[in-house]
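Thanks for asking me to look this one over. Here are my notes, as numbered points.

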Amino acid sequence: MTGIPKLCYFNGRGKMESIRWLLAAAGVEFQEEFLETREQFEKLLQDGALLFQQVPLVEIDGMKMVQTRAILSYLAAKYNLYGKDLKERALIDMYVEGTTDLMGLILMCPFLSSEEKEKQHTVIIQKATNRYFPVYEKVLKDHRQNFLVGNQFSWADVHLLEAILMVEEKNSSVLSEFPQLQAFKARISNIPTIKKFLEPGSQRKPVPDDKYVETVRRVLQMYF
Amino acid sequence: MAGKPKLHYTKGRGKMESIRWLLAAAGVEFEEQFVETKEDLEKLRKDGHLLFQQVPMVEIDGMKMVQTRAILSYIAGKYNLYGKDLKDRALIDMYVEGTTDLMGMIMYLAFQPPDAKEKNLALIIERATTRYFPVYEKVLKDHGQEFLVGNHVSWADVHLLEAILMAEECKPDILSPFPQLKAFKGRISNIPTIKKFLQPGSQRKPPADDKFIAESPDAPLKLSEHRGETECTTERCSKKNPMIGRM
(Lines give C-alpha, C1' and ligand atoms only; values in the text may rest on other atoms or scores of the structure.)
Protein backbone atom coordinates (compact mmCIF):
# COMPACT_ATOMS: atom_id res chain seq x y z
CA MET A 1 0.00 0.00 0.00
CA THR A 2 1.74 3.15 -1.10
CA GLY A 3 0.92 6.50 0.40
CA ILE A 4 3.08 9.58 0.27
CA PRO A 5 6.79 9.13 1.05
CA LYS A 6 7.65 9.30 4.73
CA LEU A 7 10.96 10.72 5.87
CA CYS A 8 12.47 9.71 9.19
CA TYR A 9 15.22 11.99 10.50
CA PHE A 10 16.01 14.74 12.97
CA ASN A 11 14.12 18.01 12.70
CA GLY A 12 16.97 19.64 10.87
CA ARG A 13 18.94 19.60 7.63
CA GLY A 14 21.72 17.06 7.89
CA LYS A 15 21.76 14.42 5.19
CA MET A 16 18.02 14.47 4.71
CA GLU A 17 17.89 18.01 3.40
CA SER A 18 18.95 17.11 -0.17
CA ILE A 19 16.15 14.55 -0.20
CA ARG A 20 13.61 17.16 0.91
CA TRP A 21 14.84 19.47 -1.85
CA LEU A 22 14.54 16.82 -4.53
CA LEU A 23 11.06 15.70 -3.51
CA ALA A 24 9.94 19.31 -3.32
CA ALA A 25 11.46 20.13 -6.73
CA ALA A 26 9.63 17.14 -8.19
CA GLY A 27 6.38 18.44 -6.68
CA VAL A 28 6.02 15.37 -4.46
CA GLU A 29 4.28 15.74 -1.11
CA PHE A 30 5.92 13.99 1.79
CA GLN A 31 5.44 13.35 5.52
CA GLU A 32 8.11 13.60 8.18
CA GLU A 33 8.68 11.73 11.41
CA PHE A 34 11.19 13.58 13.56
CA LEU A 35 13.63 11.75 15.80
CA GLU A 36 13.74 13.42 19.17
CA THR A 37 14.64 10.74 21.67
CA ARG A 38 17.08 7.89 21.96
CA GLU A 39 14.13 5.57 22.61
CA GLN A 40 12.60 6.36 19.23
CA PHE A 41 15.87 5.51 17.55
CA GLU A 42 16.26 2.30 19.50
CA LYS A 43 12.77 1.26 18.52
CA LEU A 44 13.62 1.76 14.85
CA LEU A 45 16.71 -0.37 15.37
CA GLN A 46 14.81 -3.09 17.16
CA ASP A 47 12.07 -3.14 14.54
CA GLY A 48 14.73 -3.72 11.90
CA ALA A 49 13.67 -0.62 10.02
CA LEU A 50 17.20 0.66 9.44
CA LEU A 51 19.18 -1.58 7.10
CA PHE A 52 22.57 -0.37 8.35
CA GLN A 53 21.31 1.02 11.67
CA GLN A 54 21.43 4.55 10.29
CA VAL A 55 19.18 7.37 9.21
CA PRO A 56 18.14 8.94 6.79
CA LEU A 57 15.28 6.51 6.27
CA VAL A 58 12.66 7.08 3.58
CA GLU A 59 9.62 4.88 3.30
CA ILE A 60 8.62 4.97 -0.33
CA ASP A 61 6.88 2.59 -2.73
CA GLY A 62 6.79 -0.21 -0.19
CA MET A 63 10.52 0.07 0.55
CA LYS A 64 12.35 1.28 3.62
CA MET A 65 15.19 3.01 1.81
CA VAL A 66 18.37 4.05 3.52
CA GLN A 67 21.64 5.58 2.29
CA THR A 68 21.19 9.11 1.06
CA ARG A 69 22.66 8.61 -2.36
CA ALA A 70 20.58 5.50 -3.07
CA ILE A 71 17.45 7.39 -2.09
CA LEU A 72 18.33 10.44 -4.20
CA SER A 73 19.14 8.29 -7.26
CA TYR A 74 15.84 6.48 -6.92
CA LEU A 75 13.87 9.71 -6.66
CA ALA A 76 15.73 11.33 -9.55
CA ALA A 77 14.99 8.40 -11.82
CA LYS A 78 11.40 8.02 -10.67
CA TYR A 79 10.57 11.67 -11.26
CA ASN A 80 12.48 12.08 -14.53
CA LEU A 81 15.23 14.24 -13.12
CA TYR A 82 18.06 11.95 -14.22
CA GLY A 83 18.61 12.89 -17.86
CA LYS A 84 17.55 10.94 -20.91
CA ASP A 85 20.35 8.37 -21.26
CA LEU A 86 23.40 6.83 -19.65
CA LYS A 87 25.75 9.64 -20.67
CA GLU A 88 23.50 12.32 -19.20
CA ARG A 89 23.23 10.26 -16.04
CA ALA A 90 27.02 10.13 -15.95
CA LEU A 91 27.25 13.92 -16.13
CA ILE A 92 24.52 14.38 -13.53
CA ASP A 93 26.24 11.87 -11.25
CA MET A 94 29.59 13.63 -11.58
CA TYR A 95 28.13 17.06 -10.93
CA VAL A 96 26.12 15.83 -7.96
CA GLU A 97 29.17 14.17 -6.42
CA GLY A 98 30.91 17.54 -6.58
CA THR A 99 28.08 19.39 -4.84
CA THR A 100 27.82 16.52 -2.35
CA ASP A 101 31.48 16.99 -1.47
CA LEU A 102 31.02 20.74 -1.11
CA MET A 103 27.90 20.42 1.04
CA GLY A 104 29.63 17.68 3.02
CA LEU A 105 32.16 20.25 4.20
CA ILE A 106 29.30 22.36 5.51
CA LEU A 107 27.39 19.45 7.05
CA MET A 108 30.14 18.87 9.57
CA CYS A 109 30.26 22.50 10.76
CA PRO A 110 27.69 22.45 13.57
CA PHE A 111 29.61 19.61 15.22
CA LEU A 112 32.98 21.34 15.29
CA SER A 113 34.50 23.41 18.06
CA SER A 114 34.50 27.18 17.47
CA GLU A 115 38.13 27.32 16.32
CA GLU A 116 37.64 24.34 14.05
CA LYS A 117 34.50 26.02 12.73
CA GLU A 118 36.38 29.13 11.75
CA LYS A 119 39.06 27.14 9.99
CA GLN A 120 36.41 25.12 8.24
CA HIS A 121 34.60 28.24 7.00
CA THR A 122 37.78 29.34 5.27
CA VAL A 123 38.15 25.92 3.66
CA ILE A 124 34.54 25.97 2.48
CA ILE A 125 34.80 29.36 0.80
CA GLN A 126 38.16 28.48 -0.68
CA LYS A 127 36.95 25.16 -2.07
CA ALA A 128 33.69 26.66 -3.32
CA THR A 129 35.41 29.46 -5.21
CA ASN A 130 38.48 27.58 -6.44
CA ARG A 131 37.33 24.04 -7.01
CA TYR A 132 33.59 23.69 -7.32
CA PHE A 133 31.88 26.86 -8.53
CA PRO A 134 34.30 27.38 -11.43
CA VAL A 135 33.30 23.97 -12.79
CA TYR A 136 29.59 24.73 -12.90
CA GLU A 137 30.22 28.28 -14.11
CA LYS A 138 32.16 26.88 -17.05
CA VAL A 139 29.57 24.21 -17.84
CA LEU A 140 26.85 26.86 -18.07
CA LYS A 141 29.05 29.30 -19.97
CA ASP A 142 30.15 26.68 -22.50
CA HIS A 143 26.72 25.37 -23.50
CA ARG A 144 24.68 28.49 -22.73
CA GLN A 145 21.66 26.45 -21.74
CA ASN A 146 19.34 27.03 -18.81
CA PHE A 147 20.18 23.78 -17.08
CA LEU A 148 23.38 21.91 -16.35
CA VAL A 149 22.67 18.76 -18.37
CA GLY A 150 20.84 17.99 -21.57
CA ASN A 151 18.95 21.25 -21.78
CA GLN A 152 16.53 19.87 -19.26
CA PHE A 153 15.87 20.36 -15.57
CA SER A 154 17.55 17.61 -13.52
CA TRP A 155 18.70 16.56 -10.07
CA ALA A 156 22.03 18.27 -10.78
CA ASP A 157 20.33 21.67 -10.97
CA VAL A 158 18.42 21.18 -7.73
CA HIS A 159 21.53 20.01 -5.93
CA LEU A 160 23.64 22.90 -7.21
CA LEU A 161 21.04 25.45 -6.10
CA GLU A 162 20.97 23.87 -2.66
CA ALA A 163 24.78 24.05 -2.50
CA ILE A 164 24.88 27.67 -3.64
CA LEU A 165 22.40 28.75 -0.99
CA MET A 166 24.25 26.86 1.73
CA VAL A 167 27.57 28.46 0.83
CA GLU A 168 25.95 31.89 0.64
CA GLU A 169 24.81 31.42 4.21
CA LYS A 170 28.52 31.33 5.11
CA ASN A 171 29.49 34.24 2.86
CA SER A 172 26.82 36.17 1.06
CA SER A 173 29.09 37.51 -1.69
CA VAL A 174 30.55 34.16 -2.69
CA LEU A 175 28.93 34.29 -6.13
CA SER A 176 30.36 37.69 -7.00
CA GLU A 177 32.83 36.26 -9.53
CA PHE A 178 30.31 33.86 -11.04
CA PRO A 179 27.78 35.62 -13.28
CA GLN A 180 26.48 32.38 -14.81
CA LEU A 181 25.78 30.97 -11.38
CA GLN A 182 24.03 34.16 -10.31
CA ALA A 183 21.70 33.87 -13.28
CA PHE A 184 21.32 30.14 -12.70
CA LYS A 185 20.39 30.73 -9.07
CA ALA A 186 17.66 33.15 -10.04
CA ARG A 187 16.30 30.91 -12.79
CA ILE A 188 16.14 27.74 -10.74
CA SER A 189 14.74 29.56 -7.71
CA ASN A 190 11.87 30.67 -9.89
CA ILE A 191 10.77 27.22 -10.91
CA PRO A 192 7.32 27.05 -9.24
CA THR A 193 7.94 23.96 -7.09
CA ILE A 194 11.27 25.32 -5.93
CA LYS A 195 9.93 28.81 -5.37
CA LYS A 196 7.31 27.28 -3.12
CA PHE A 197 9.94 25.30 -1.20
CA LEU A 198 11.92 28.50 -0.65
CA GLU A 199 8.98 30.25 0.97
CA PRO A 200 8.43 30.32 4.72
CA GLY A 201 6.20 27.52 5.96
CA SER A 202 7.67 24.89 3.63
CA GLN A 203 9.39 21.74 4.87
CA ARG A 204 12.79 23.25 4.19
CA LYS A 205 14.82 23.27 7.40
CA PRO A 206 16.74 26.23 8.82
CA VAL A 207 20.48 26.52 9.44
CA PRO A 208 21.39 24.01 12.19
CA ASP A 209 21.56 25.42 15.72
CA ASP A 210 22.74 24.13 19.09
CA LYS A 211 19.41 22.45 19.75
CA TYR A 212 19.81 20.45 16.56
CA VAL A 213 23.34 19.40 17.47
CA GLU A 214 22.19 18.40 20.93
CA THR A 215 19.35 16.32 19.52
CA VAL A 216 21.59 14.47 17.09
CA ARG A 217 24.15 13.75 19.80
CA ARG A 218 21.49 12.55 22.20
CA VAL A 219 19.65 10.34 19.75
CA LEU A 220 22.75 8.79 18.21
CA GLN A 221 24.80 8.91 21.41
CA MET A 222 27.51 10.51 19.39
CA TYR A 223 29.78 12.55 21.61
CA PHE A 224 32.91 13.85 19.92
CA MET B 1 37.17 7.30 -30.98
CA ALA B 2 36.61 4.87 -28.15
CA GLY B 3 39.46 2.54 -27.25
CA LYS B 4 39.86 0.70 -23.99
CA PRO B 5 39.01 2.56 -20.81
CA LYS B 6 42.08 4.22 -19.33
CA LEU B 7 42.44 4.55 -15.57
CA HIS B 8 44.44 7.35 -13.96
CA TYR B 9 45.43 6.74 -10.35
CA THR B 10 48.27 5.80 -8.08
CA LYS B 11 49.67 2.32 -8.35
CA GLY B 12 47.63 1.09 -5.42
CA ARG B 13 44.09 0.20 -4.45
CA GLY B 14 42.55 3.32 -2.98
CA LYS B 15 39.33 4.43 -4.60
CA MET B 16 40.21 3.05 -8.00
CA GLU B 17 40.22 -0.57 -6.88
CA SER B 18 36.44 -0.97 -6.96
CA ILE B 19 36.52 0.33 -10.52
CA ARG B 20 39.19 -2.20 -11.49
CA TRP B 21 37.06 -4.96 -9.93
CA LEU B 22 33.92 -3.93 -11.79
CA LEU B 23 35.61 -3.62 -15.17
CA ALA B 24 37.32 -6.96 -14.63
CA ALA B 25 34.06 -8.61 -13.56
CA ALA B 26 32.40 -7.25 -16.70
CA GLY B 27 35.22 -8.75 -18.77
CA VAL B 28 36.37 -5.33 -19.96
CA GLU B 29 40.05 -4.81 -20.72
CA PHE B 30 41.50 -1.57 -19.48
CA GLU B 31 44.77 0.37 -19.48
CA GLU B 32 46.30 2.17 -16.53
CA GLN B 33 48.36 5.31 -16.31
CA PHE B 34 49.90 5.60 -12.88
CA VAL B 35 50.16 8.90 -11.05
CA GLU B 36 53.50 8.43 -9.36
CA THR B 37 54.72 11.90 -8.47
CA LYS B 38 53.25 15.25 -7.52
CA GLU B 39 54.30 16.44 -10.97
CA ASP B 40 52.19 13.74 -12.63
CA LEU B 41 49.17 14.96 -10.72
CA GLU B 42 49.90 18.62 -11.42
CA LYS B 43 50.15 17.91 -15.11
CA LEU B 44 46.75 16.23 -15.18
CA ARG B 45 45.32 19.21 -13.35
CA LYS B 46 46.98 21.81 -15.51
CA ASP B 47 45.84 20.08 -18.66
CA GLY B 48 42.29 20.37 -17.38
CA HIS B 49 41.70 16.65 -17.26
CA LEU B 50 40.39 16.47 -13.70
CA LEU B 51 36.99 18.05 -13.28
CA PHE B 52 37.39 18.62 -9.55
CA GLN B 53 41.22 18.41 -9.48
CA GLN B 54 41.00 14.88 -8.14
CA VAL B 55 41.65 11.29 -9.11
CA PRO B 56 40.32 8.65 -9.80
CA MET B 57 39.83 9.66 -13.40
CA VAL B 58 38.71 7.20 -16.05
CA GLU B 59 38.77 7.95 -19.75
CA ILE B 60 35.85 6.04 -21.18
CA ASP B 61 33.57 6.49 -24.19
CA GLY B 62 34.98 9.90 -25.00
CA MET B 63 34.48 11.16 -21.45
CA LYS B 64 37.01 11.97 -18.76
CA MET B 65 34.97 10.67 -15.85
CA VAL B 66 35.76 11.52 -12.27
CA GLN B 67 34.07 10.72 -8.95
CA THR B 68 34.24 7.06 -8.08
CA ARG B 69 30.55 6.53 -7.62
CA ALA B 70 29.64 8.21 -10.89
CA ILE B 71 32.18 6.03 -12.70
CA LEU B 72 30.98 2.83 -11.04
CA SER B 73 27.32 3.63 -11.80
CA TYR B 74 28.17 4.28 -15.42
CA ILE B 75 30.07 1.02 -15.79
CA ALA B 76 27.34 -0.94 -14.02
CA GLY B 77 24.71 0.62 -16.28
CA LYS B 78 26.71 0.06 -19.41
CA TYR B 79 27.57 -3.58 -18.74
CA ASN B 80 24.20 -4.73 -17.42
CA LEU B 81 25.27 -5.06 -13.82
CA TYR B 82 22.61 -2.71 -12.47
CA GLY B 83 19.53 -4.88 -12.22
CA LYS B 84 16.51 -4.92 -14.51
CA ASP B 85 14.45 -2.00 -13.19
CA LEU B 86 14.36 0.92 -10.81
CA LYS B 87 13.64 -1.18 -7.75
CA ASP B 88 16.55 -3.56 -8.45
CA ARG B 89 18.73 -0.47 -8.87
CA ALA B 90 17.53 0.88 -5.53
CA LEU B 91 18.53 -2.35 -3.77
CA ILE B 92 21.87 -2.48 -5.55
CA ASP B 93 22.53 1.16 -4.66
CA MET B 94 21.69 0.57 -1.00
CA TYR B 95 23.84 -2.53 -0.76
CA VAL B 96 26.76 -0.87 -2.52
CA GLU B 97 26.60 2.14 -0.22
CA GLY B 98 26.98 -0.24 2.72
CA THR B 99 30.02 -2.00 1.27
CA THR B 100 31.43 1.40 0.27
CA ASP B 101 31.20 2.55 3.88
CA LEU B 102 32.88 -0.62 5.14
CA MET B 103 35.67 -0.52 2.56
CA GLY B 104 36.12 3.18 3.20
CA MET B 105 36.95 2.43 6.82
CA ILE B 106 39.47 -0.22 5.80
CA MET B 107 41.08 1.95 3.11
CA TYR B 108 41.55 4.74 5.55
CA LEU B 109 43.27 2.47 8.08
CA ALA B 110 46.53 2.35 6.17
CA PHE B 111 46.99 6.10 6.48
CA GLN B 112 46.52 6.40 10.21
CA PRO B 113 49.16 6.75 12.89
CA PRO B 114 49.95 3.51 14.75
CA ASP B 115 48.06 4.40 17.94
CA ALA B 116 44.82 5.07 16.06
CA LYS B 117 45.25 2.04 13.81
CA GLU B 118 44.64 -0.58 16.47
CA LYS B 119 41.50 1.10 17.76
CA ASN B 120 40.13 1.58 14.30
CA LEU B 121 40.92 -1.96 13.25
CA ALA B 122 38.79 -3.15 16.17
CA LEU B 123 36.01 -0.80 15.06
CA ILE B 124 36.19 -2.11 11.49
CA ILE B 125 35.88 -5.70 12.68
CA GLU B 126 32.99 -4.77 14.92
CA ARG B 127 31.18 -2.94 12.15
CA ALA B 128 31.81 -5.69 9.63
CA THR B 129 30.48 -8.38 11.94
CA THR B 130 27.60 -6.52 13.58
CA ARG B 131 26.43 -3.96 11.03
CA TYR B 132 27.35 -4.95 7.49
CA PHE B 133 27.87 -8.69 7.06
CA PRO B 134 24.67 -9.62 8.94
CA VAL B 135 22.69 -7.61 6.38
CA TYR B 136 24.05 -9.44 3.36
CA GLU B 137 23.89 -12.77 5.20
CA LYS B 138 20.20 -12.20 5.81
CA VAL B 139 19.49 -11.06 2.24
CA LEU B 140 21.00 -14.25 0.87
CA LYS B 141 19.36 -16.45 3.48
CA ASP B 142 15.91 -14.94 2.97
CA HIS B 143 15.71 -15.32 -0.80
CA GLY B 144 17.94 -18.36 -1.15
CA GLN B 145 19.28 -17.11 -4.47
CA GLU B 146 22.83 -17.05 -5.74
CA PHE B 147 23.08 -13.30 -6.14
CA LEU B 148 22.11 -10.39 -3.94
CA VAL B 149 19.57 -8.78 -6.26
CA GLY B 150 17.09 -10.03 -8.82
CA ASN B 151 18.56 -13.50 -9.19
CA HIS B 152 21.19 -12.07 -11.49
CA VAL B 153 24.82 -11.07 -11.01
CA SER B 154 25.19 -7.35 -10.39
CA TRP B 155 27.55 -4.65 -9.18
CA ALA B 156 26.37 -5.39 -5.64
CA ASP B 157 27.82 -8.92 -5.79
CA VAL B 158 31.18 -7.76 -7.11
CA HIS B 159 31.39 -5.01 -4.50
CA LEU B 160 30.48 -7.37 -1.66
CA LEU B 161 33.13 -9.89 -2.70
CA GLU B 162 35.70 -7.12 -2.77
CA ALA B 163 34.63 -6.01 0.70
CA ILE B 164 34.74 -9.56 2.06
CA LEU B 165 38.27 -10.10 0.81
CA MET B 166 39.43 -6.77 2.25
CA ALA B 167 37.83 -7.61 5.60
CA GLU B 168 39.51 -11.01 5.59
CA GLU B 169 42.84 -9.25 5.17
CA CYS B 170 42.02 -7.54 8.48
CA LYS B 171 40.88 -10.76 10.16
CA PRO B 172 41.19 -14.01 8.20
CA ASP B 173 38.35 -15.85 9.97
CA ILE B 174 35.96 -12.91 9.90
CA LEU B 175 33.38 -14.90 7.90
CA SER B 176 33.14 -17.73 10.40
CA PRO B 177 29.70 -16.69 11.72
CA PHE B 178 28.38 -16.22 8.18
CA PRO B 179 27.74 -19.46 6.25
CA GLN B 180 25.79 -17.75 3.45
CA LEU B 181 28.62 -15.29 2.87
CA LYS B 182 31.16 -18.11 2.83
CA ALA B 183 29.19 -19.87 0.12
CA PHE B 184 28.66 -16.55 -1.69
CA LYS B 185 32.39 -15.87 -1.63
CA GLY B 186 33.07 -19.30 -3.14
CA ARG B 187 30.47 -18.83 -5.85
CA ILE B 188 31.35 -15.32 -6.93
CA SER B 189 35.08 -16.02 -6.86
CA ASN B 190 34.44 -18.78 -9.37
CA ILE B 191 32.82 -16.60 -11.97
CA PRO B 192 35.38 -16.85 -14.81
CA THR B 193 36.10 -13.11 -15.15
CA ILE B 194 36.45 -12.75 -11.41
CA LYS B 195 38.50 -15.91 -11.04
CA LYS B 196 40.89 -14.46 -13.60
CA PHE B 197 41.11 -11.15 -11.73
CA LEU B 198 41.95 -13.02 -8.53
CA GLN B 199 44.93 -14.75 -10.11
CA PRO B 200 48.47 -13.41 -9.87
CA GLY B 201 49.42 -11.20 -12.80
CA SER B 202 46.03 -9.48 -13.03
CA GLN B 203 45.56 -5.74 -12.58
CA ARG B 204 44.32 -6.23 -9.05
CA LYS B 205 46.47 -4.23 -6.63
CA PRO B 206 47.93 -5.44 -3.32
CA PRO B 207 47.06 -3.87 0.04
CA ALA B 208 48.78 -0.56 0.82
CA ASP B 209 52.17 -0.98 2.47
CA ASP B 210 54.33 1.56 4.26
CA LYS B 211 56.36 2.35 1.16
CA PHE B 212 53.24 3.17 -0.83
CA ILE B 213 51.94 5.42 1.88
CA ALA B 214 55.20 7.31 2.31
CA GLU B 215 55.58 7.90 -1.40
CA SER B 216 51.97 8.71 -2.16
CA PRO B 217 51.94 11.97 -4.16
CA ASP B 218 49.26 13.39 -1.94
CA ALA B 219 50.97 12.56 1.33
CA PRO B 220 48.21 11.67 3.75
CA LEU B 221 47.35 14.12 6.45
CA LYS B 222 47.04 13.59 10.15
CA LEU B 223 43.70 12.49 11.47
CA SER B 224 43.03 15.88 13.03
CA GLU B 225 43.38 17.56 9.68
CA HIS B 226 41.05 15.07 8.10
CA ARG B 227 38.36 16.02 10.55
CA GLY B 228 38.49 19.48 9.10
CA GLU B 229 38.30 18.09 5.59
CA THR B 230 41.23 20.20 4.48
CA GLU B 231 43.46 19.90 1.44
CA CYS B 232 43.51 16.56 -0.16
CA THR B 233 43.95 15.54 -3.71
CA THR B 234 42.00 12.34 -3.78
CA GLU B 235 38.34 11.98 -2.98
CA ARG B 236 38.81 9.89 0.10
CA CYS B 237 39.43 12.97 2.19
CA SER B 238 36.80 15.19 0.73
CA LYS B 239 34.17 12.65 1.54
CA LYS B 240 32.87 12.20 5.03
CA ASN B 241 35.63 11.02 7.31
CA PRO B 242 34.91 7.31 7.28
CA MET B 243 36.01 6.75 10.85
CA ILE B 244 34.26 9.63 12.54
CA GLY B 245 31.16 9.67 10.40
CA ARG B 246 30.35 6.07 11.10
CA MET B 247 27.71 6.36 13.77
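This is a predicted model: local features need pLDDT of at least 70, side-chain atom pairs count only at pLDDT 80 or more; totals for chains, interfaces and linings use all residues.

1. Residues are numbered from 1 along each chain as its sequence is written, chains are lettered from A and ligands numbered from 1 in the order in which they are written, and side-chain values use heavy atoms, leaving out hydrogens and water.

2. Have a look at helix α2 of chain B, residues 38–46, where B:L41, B:L44 and B:R45 are buried. The buried residues of α2(B) fall within an arc of 100° seen down the axis, so they line one face of the helix. On the other side, B:E39, B:K43 and B:K46 are exposed. (Buried means under 20% relative accessible area, exposed over 50%, and partly exposed in between, with a 1.4 Å probe and protein chains only; the arc is that of the directions from the helix axis to the C-beta atoms; helices are DSSP runs of H or I with at least four residues, strands are runs of E with at least two, numbered from the N terminus.)

3. What covers that buried face? The cover of the buried residues of α2(B) includes α5 (114–143) of chain A, along with β1 (6–9) and β3 (57–60) of chain B; contact means heavy atoms within 4.5 Å.

4. A cis peptide bond joins A:V55 to A:P56, with omega near 10°. In chain B, the bond between B:V55 and B:P56 is cis, with omega about 5°. B:P56 sits in the loop between α2 and β3 of chain B.

5. A:Q53 is not a glycine, yet has a positive phi of about 65°. A:Q53 is partly exposed, at 28% relative accessibility.
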